[in-house]
Every structure is written in structure tokens, then in C-alpha cells.
Amino acid sequence: MSDSERSPLLRPPNIDANGPSDDDEMLESTPLLSSSTATPRYDGVDDGSHNADAVSIASRNPDAASIKSPKTKRWPSIIAVAVLCLLSSTIIVVAFFVPAAVEEYAKQALVIEPTNLGLESITTDGVRARIQANFRLEGQRVQNEHVRRVGRVATWLVGKLGTEETRINVYLPEYNNILLGTAGVPPLTVSIADGQNTAMDFVADLIPGDAEGIRTIANDWLEGRLDVLRLRGKADIRVKAGIIPLGTHSISESLTFEANKLPQIPAYNITKMNVHEEPIPGQPEQAMAAEVAIVAFNEHPVSIDVPELGFEVLVPGCSPYDPHILVAAAVTSPVEVRPRSNVTVTAHGIVQELPADLTRLCPGTESSPLDIFFKKYIGGEDATVFVRGQKQPSADTPGWLTEILASITVPVPFPGRSFDNLIRSFSLTDVHFTLPDPDAEPDDPASNPTVSGTIVALAAVPAEMNFSLNVTNVRANATVYYHSKELGQLDLRRWQNANSTQIPADQNQEAALEIQSRMKDVPLNVTDGDVLTSVIQALLFGTETIVLSIKAHVDVKIETILGQLVIKEIPAEGKIPLKPIPRGTFGSVTPKVRKLDIVDTTPKSISLKATVDVVNPTPYSAHVPYISIHVLSNGTLVGEAIAENLDVKTGKNTGLVVSAVWNPSLGGDNGVKQGRELLSQYLSGYNTSITVKTHRDSIPSQPLIGEALSKLNITLSAPHISLPGKDEDEKTHFIRDATFHVFSSTATFTLISPLQANTIYIEKVNATALYNHTEPIGKIEYDLPFAAEPGETVTPKLPVEWSIDSVGYQRLKEALGGKLKLDARAVVGVRLGQWRETVWYFGKGIGASIRV
């Protein structure tokens, strides 16, 4: 730099550029403080020793001060002293106060308004950016009035300042002063007068610094560890005012940014996502490809044309400390970023295979990183993917940009999608129930009833999924509700086989996936007995379709071109419609007893086993390991029925074996009375009915179910016992025919026993034969026991006391040698083993042969 450029603006007054004056005028022109030996020149060279010696000698000469008269020299001396004082004060003000005031004024009044930042090109070592901004000084922003006045005057006097080409280095003090980057700024000229605006428009070369430093600060910011960012800029700026050089000034300024005021990743919307199958170039296999479009708003005055870039897509591992798992490679198309406008980024990604680490179970859990990711995504939460630059990008990408992008991993929220309405329809057909095992422990799954059936579900397929898939297995934990109240839980923890059919979208419907699965012996844990009662009551006595709601988390195994995937905990909801059983259905059910065996007897009870044919009118089948049901007559307990290992299918069922205990004494005295009446009516062929209901011990392992169902009473027709005979009417009569001997006044009867291995004993008979239902013919009283063997038995001759004056007796005589249809009323004492009972009997239309 030339001496003129480095010389101060004001030369000290005691330095004369033309040399010293004559000795004669030395005393008059010498200042009060004439020694300059302590004041070095600007160029660093001390004044000559000659001048210093001359002044020193003169000051020691007593005659030198008396050459002129004091009176004639006093006023010039006073003026000189005053001028020197004023000049000294001016120097102090200009040299110390004015620069400080101008510097403070510039700091407070400076206004720089960026209007546009554009990326003109990417170079091999950085970027070339076009910067546009407004520069001005606004004096009213300065708080101190004196500083404001001085600053305005000084900047008005100077007018404009110019700089030559400058290189600015930016450092990070908190990161060992690593170089963040360098900016090359061309020569600039700005107006510094108060209020005058200078529109700056220049191109600067921006060169990144240490890539490792950039990675460190970027990761600290992304991971939330950056609270404050301090930058220090250093530059040597050569300043001039017009053509006057003002020297080179070394400037070092620090800027501090709070992390919450730094630019954030803008909010964005995924406007397009298309996942499809795509052939791998040069290979017979196919890969899974994704086309994604993202739109974000650029709120900054920044304009950039971003070239095509390559990225890697990663997902989190099992824990935040595990390395991320690379799953896909993606390439973005060129992006145009314009100030304060929407920016659209499109990317194409491809997955050729799933890494083993992605599907491997995490230690100590039943979930893999893929399970964890999908759980958040399908649960409607934001999952997180990580994006970083590829280490081997295209040849058009500069190395410095590759190095920076590859060193920074950016977490990107991946918006979740709610699958609450995924299931469009849900049906359960071919339903089969299995009651609990009576020997199972309460905590054993076998202690719960099980359900089998065919599930057909129609699931909506998201529009972005355009690839083939096949569901091979399903499992779930499902909760069943009725009228928003929990009925129980279906335990589908075991994998159930499934198959699926894809239904393409058309103008009338969306794409769907029909899934069919046959579930077998799925435990149903009833949690609310009252709700179960309501469901069964609606089935038996209701008229409208019963709708059960199911909420479940479903795991599915899916076959794709990438292999088999297991997607866990898909939230699903569905409806199970159940048609009510038509009213009167159970009342019309008439079981038929094909075989009846007496197992045991006591004085008050009979234990028997029956083989029954029955029609199941419901669309449901069942397997009954064990159940005990109370039998009632007119609300009074008269017995108990027990079924074990019973399979009931829809429609006609034959050969069902059930056990029963006839013991009216369980109902007390009223039970004995009701039992006798029921048995009498049944033997007489009346249309009798019984009521069956469960009780707490109906299902030993599930007392809750038995107790809940006990609130329901189901009335059935009493089982009809099929007796040998030629027609249906004959098969229902216990007394097949009779023979009356008029001359001997005796009668015999042919009895048909329903028992095939047991003998019934008739201990006494008190009977009346009737004609036309009301006219007595004769009366029989007999108290000698006789046996009724299995099958057909003819009684001994029973004595008859004729009603000679009755119309019935006259009809009897008229039918002598022929047959007559008679009725009979009787009170009969019977014994079966140890059991004894007295019943009444009323038989109609008994064919009686009349003999002499």
C-alpha cells in the first residue's frame, strides 16, 4: 500500500513538510511544547536530532527570550496559545470521539433488507449466488441524540463509501473455530447519507468450508442440541470515499442466532404417492418402486435451481442408539425454488429387497423395526424416516456437494394414515359354537366357549398401493361389542389360514381386497354376562337383525414381490350381523325319543339316558362337551338334563344321547305335585311342554355364562316317545287295545312299554271305562301288582264292575262279538326300581273287543 493511502487524514501541526524555518524567527514560531522527540512520525521515523538539539540549546539560552520587547510580543503569544488549545481540542474530538460516535451510529442506523437470493450456478468448489438487497442508514434508529447528530454530519460529509473486492471468512467459535465457509464479494459502492437507499445487486462466490464442521452443526441442529449458534466473520476491507483511499480495515464481527429463530424445515404436504411394481433393468426380477410428490411453501426471498440429486432412505433400528437401516435409494428431479411460492419436489425410489435387519425381531420383544414403523404409520402417528445423500451420486454432482449431503442425515416425518375405516364389510357364516370343557381350569383357554366360522372381509385398498398382494394368514385380538357394551374377547392369537382376491377400482367403487379365512375353535371370553343375555334374548325373541361390533388389531401375512411381510396390529373394525330366530321356532321343535334306558332309581328320582332325534332350526351348529340344564314345569324345578360330548348341526340331528334325572322333589312339595301332573299329562298323550334354563353350575368352568343365561327361559315341547305301531296315531298310545268279557266281568289290556331294558310294575289300578267320553261302562279296582315288560304286555284279567243302568253298558251289549271305541280314566300306582308314583291317565279311542 502507498504511503498516501496509509497516511492519516490530519497531519500533526508540529510537523512541517518543507523543513525548519530560519533561526531568527525561531523564538516567535516555536510552540509552547516544541519538542517532538516523543512523537514519532506516521511512517514510524523519529524527527531528526538536529531539530531537537537546536530547540534544547535555545531553551537553555537566557538571552534568547530577551531579544524582542515583552510588550510588543504579548498579544501574538496569547493568540498562539489560544489557537493551539482550540486545535488540540479539535484533534482530541476528531481523533477519539468522532470515530467512536460514527461507529456507534453506523451499527444502530444500518438497515439491510434482503430482497432476493438466487443460485446462478453450482461450481466445482461452491455456488455462485446472486444477492439483491437494499442498504441504507436510518438516523432515527439511533437512540443517543449526540451520536445521531455526529453520525448524520459525518456521513453527509463523506456521502458514499466504496469497497474493493473482499473475501469474507466465517468461523464457528464454539466448534474450535472451524471454517464454515468463504464468500467472495465484488467491489461495492453504497450511499451512507441518512435515509438514502442503495439497491445492491451483485454476484458472490460461496465456497463451503470444513465438511465435517458443517455436518456437526447440522446434526446438532437437527437433533435439538443446538441452543445458540455464534458465527464470527473476518475480512480485510479496503475502503475509499470517492477516489480518496481510506485505508485497509481489518474487521471481525460476531453474530449470535438463537436456535428457535433459525430457519426450520418447512411444513409440507405429500400430494402424490404411488407404490407399484417395476422391473429391474437387466434382471428378470421386479422391485417395489414409489413415486412421491411433496409440496412446501418457501417463505424466504431465496431462488435456487436444484439439480437432480440422489439420496438414501433409512428407517430407525430397534432403539435410538442402533444404526439406521437402509431400505431404498431415491432420486429427485430438478427443483425450482422461487421466493415466497410453493415448491414441488418429486422423487422416485426403489426397493429391491428387504434387509434382514429390518424384519429381525428386536431383542426381548416380539416386534421388528418394520413392525415398529408400521405400527406408527397405520396407527395414524407420524413415523420417521431418515434421508441422506448418496455417497456415489451422478457424475453431474460436484464432489463438495456430495460430501456435505452424504454427511448429513435429516429426519423426515412420514405422516401416518388412519386405518379406522379400512374394513368395508364383515360377515361370519357357518358359525359353530363349542361350549367349554367342564374339566378345564378357570385360566385354561379350554374353559372358554369357542367359535368357528368363515370370515369374509372386504378391505379398502389405499389408492397409492398399486401392486399385487395376497393375504395368506391372519390373527388378531378382537373385542366384541353389543350396543357399545363389551360382550367378550375373541382370542385369535393362533394364525388362521386365509386367502384374498384383489378387486380393481372402477367408476362405481374403490379398489378393495376380499379376504376369506376359516377360523376354527377361537376362544370367546365372555366378560359381561348381562350383555350375553341381551344378545341371546334378541336372537330368540327379537325381530330385527342383531349387529355385533368388532374392534380388533389384526396381524396379517402378505405375499409381495419382496417376499412375505408380516404387518402387525392393523386397527380394524367390523360388523357381524346375526339374524334372529323366528318366533315360535323353539315351540315347534319336537324332539323324538328313539330309545329310553333307566340308569338308576331312588325312591324320589329316576336317572335315565335317552337317544333323541331333533331338528335344529337355527343357522348355528355347536359342540357341547358338557352342560347341565334345569327342567321346569310351570316354573317349578322337576328335573335336570345333562349333555356330554354332543355335536349339534344345523337341520336334522339323529341319535343324540342325553342324560336326565327326573326328581320333582328338587322343587319341594309343589315340585312333587307339578311333576305328577306333568307325568300324567304326558302319559295321557297331551301336548305337554317343559321349560329349560341354565344355572350357575351349567358350565362348571364358566359359571358366569351359566348364570347369565339363567335369565332366559326356553320352552320346548316335551319329547315324544315313539312306540311300536302301524301308524303315527297308534305309536303314541300306551294302551294299545282292550278285551272285555261280559260273562266273567273281566277285562284285559295290551300295554306298550317305552322302555327297552327295564320292567315297569303296575301296583294298583282304579279305572273307569267310558263310552262317548262321558257314559260309564264299568269300573275296575285292582291292587295286585303285575309287570309291564319291555315291549308289549297283556295284563292279567282285571275284575270289572258293570254300570248296568248306563247307556254305555247298553252300547257294550249291542257290540257283543264286535269292537267298540272306548275311553278310560284311571289312577294308577306304578313302580320302577325304587321309584314309586301315582299318576292319573286318560286314554281316548281305545279299541275294545267285546266278548261273551
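Guide: What follows covers the nonpolar cores, one serine and some salt bridges of this predicted model.

Visitor: Start with the core. Which residues in the largest nonpolar core touch the most other members?

Guide: Val 471, Leu 490, Leu 548, Ile 550 and Val 556 do, in a core of 69 residues. Strand β25, residues 546-560, gives the largest share of this core, with seven residues.

Visitor: And what does Val 556 touch?

Guide: Leaving out residues up to four places away in sequence, Val 556 touches Val 471, Asn 473, Val 474, Trp 495, Leu 565, Val 566, Ile 567 and Ile 570.

Visitor: Changing topic. Is Ser 753 buried or exposed?

Guide: Buried, because its relative accessible area is 8%, under the 20% cut-off. Ser 753 belongs to strand β36, residues 746-753.

Visitor: What lies 3.2 Å from a polar atom of the Ser 753 side chain?

Guide: The backbone nitrogen of Leu 755.

Visitor: On to charges. How many salt bridges are there?

Guide: The structure has 18. One of them joins the side chains of Glu 145 and Arg 149, at 2.4 Å from N to O.

Visitor: Where do Glu 145 and Arg 149 sit relative to each other?

Guide: Both are in helix α5, residues 145-158, and because they are four residues apart, about one helical turn separates them. Glu 145 is partly exposed, at 38% relative accessible area.

Visitor: Which pair links distant parts of the chain?

Guide: Arg 338 and Asp 305, whose side chains form a salt bridge at 3.0 Å, N to O. Arg 338 is in the loop between β15 and β16, Asp 305 is in strand β12, and the two are 33 residues apart. Arg 338 is partly exposed at 32%, and Asp 305 is also partly exposed, at 38%.

Visitor: What about Lys 779 and Glu 781?

Guide: They form a salt bridge with the closest N and O atoms 3.4 Å apart. Lys 779 is partly exposed at 36%, while Glu 781 is exposed at 52%.

Visitor: Which residues do shared partners join into one network?

Guide: Glu 763, Arg 831 and Arg 836, through salt bridges.

Key. Residues are numbered from 1 along each chain as its sequence is written. This is a predicted model: local features need pLDDT of at least 70, side-chain atom pairs count only at pLDDT 80 or more; totals for chains, interfaces and linings use all residues. Side-chain values use heavy atoms; hydrogens and water are left out. A nonpolar core is a set of buried Ala, Val, Leu, Ile, Met, Phe, Trp, Tyr and Cys residues joined through side-chain atoms within 4.5 Å. Buried means under 20% relative accessible area, exposed over 50%, partly exposed in between (1.4 Å probe, protein chains only). Contact means heavy atoms within 4.5 Å. A polar contact is a pair of N or O atoms within 3.5 Å; within protein, one must be able to donate a hydrogen and the other to accept it, and residues adjacent in sequence count only if both atoms are side-chain atoms. A salt bridge is a side-chain nitrogen of Lys or Arg within 4 Å of a carboxyl oxygen of Asp or Glu.
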